[in-house]
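Hi,

Here's the structure I promised to pass on.

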Amino acid sequence: MLISNMEVVPGKRITQHMGLVQGSTVRAKHAGKDIMAGLKNIFGGELSSYTELLNESRDEALERMKEQARLLGANAVLNVRFSTSSIAAGASELFVYGSAVIVEDR
Amino acid sequence: MEQLIIFLVLLALGYFFGRRSEAKHYRSISERELQLQNLLVLPTRIPPREFRSHSSQLVSGSVVISVDYFKTVVAGLRAIVGGRVGAYESLLDRGRREAILRMQQQADSLGADAVLNMKVETSRIGDNASKGLGSIEVLAYGTAMIPTEPPLNSSGAST
């Protein structure tokens with residue numbers, strides 16, 4: 001499955017639009033990691049455990065979007081956008097959406 | 001009295017460790033930026049003609065950076081008088097450059113020669129919502145252009 005955040009794919013032609021596909025996941029942080037993050041708020045620096053967590057969740061959201069596109073019979077998702085929102089203390093939602101299309105070589 | 005001592009200790013810890021980690025981070029950023037300067041990053045929506053025979057793939061890089069105590073206090077004081085908050089400016093600058101670098105590194109490991117339609121998104125990881133900034137997440141993503149036929153210019157020369 002081709003995933004791209006551009007409207008056109010170089011060297012390929014869009015033959016059919018299948019509509020919007022999306023994937024999202026809500027993740028909460030681990031309490032132990034939260035304590036570490038509290039300490040980091042004093043010293044500063046990167047919170048690598050959060051970076052990892054968000055990356056994993058984003059992959060999961062992407063996977064869900066791809067699954068939806070697969071069910072529609074698409075072979076590519078174009079114009080993909082990410083969005084992140086923190087919905088409650090300690091939980092954030094990762095959302096990814098795009099348009100499912102069928103592309104073929106030009 | 002006790003509270004004041006705790007406050008001053010935290011302030012000092014934030015100042016020394018925060019400054020040290022920021023300087024270290026900036027050094028590593030400029031080092032890697034130099035290494036990856038040949039990998040084009042363009043925020044254009046339409047791919048230029050020379051990428052016609054490239055295959056595309058989504059790449060992304062993200063980083064979560066925390067403020068230190070000193071920055072929180074300085075920004076809090078700055079909010080009283082208003083104006084430029086230099087403490088947060090450098091934090092966001094570091095976050096963006098780091099996220100873009102990670103995206104470039106992923107593109108580089110795929111053998112790409114450019115990243116098109118780059119977008120940057122910043123969000124706040126707020127758990128201590130009332131007390132300043134907490135930490136920020138920066139995500140950079142784009143479409144990596146991977147050459148499908150490596151000897152592109154040599155074949156162009158032969159025809």
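**What I found**

Let's start with chain B: of its contacts between residues at least 6 apart in sequence, 82% join residues at least 24 apart. A contact here means two residues whose C-beta atoms, placed from the backbone, lie within 7 Å.

Before going on, a word on the ground rules: this is a predicted model, where local features need pLDDT of at least 70 and side-chain atom pairs count only at pLDDT 80 or more, while totals for chains, interfaces and linings use all residues. Residues are numbered from 1 along each chain as its sequence is written, and chains are lettered from A and ligands numbered from 1 in the order in which they are written.

Chain B has 4 helices and 4 strands, in the order α-β-β-α-α-β-β-α from the N terminus. Both kinds are DSSP runs numbered from the N terminus (helices: H or I, at least four residues; strands: E, at least two). Of the 159 residues in chain B, 33% are buried. Buried means 20 or more other C-beta atoms within 10 Å of a residue's own, exposed means 12 or fewer, and partly exposed is in between, with C-beta atoms placed from the backbone.

Most residues other than glycine have a negative phi. B:Asn117, in strand β3 (residues 114-125) of chain B, has a positive phi of about 50 degrees. B:Asn117 counts as buried because it has 21 C-beta neighbours inside 10 Å.

Over in chain A, A:Asn79 sits in strand β4 (residues 76-88), and its phi is positive too, near 55 degrees. A:Asn79 has 16 C-beta neighbours inside 10 Å, so it counts as partly exposed.

Cheers
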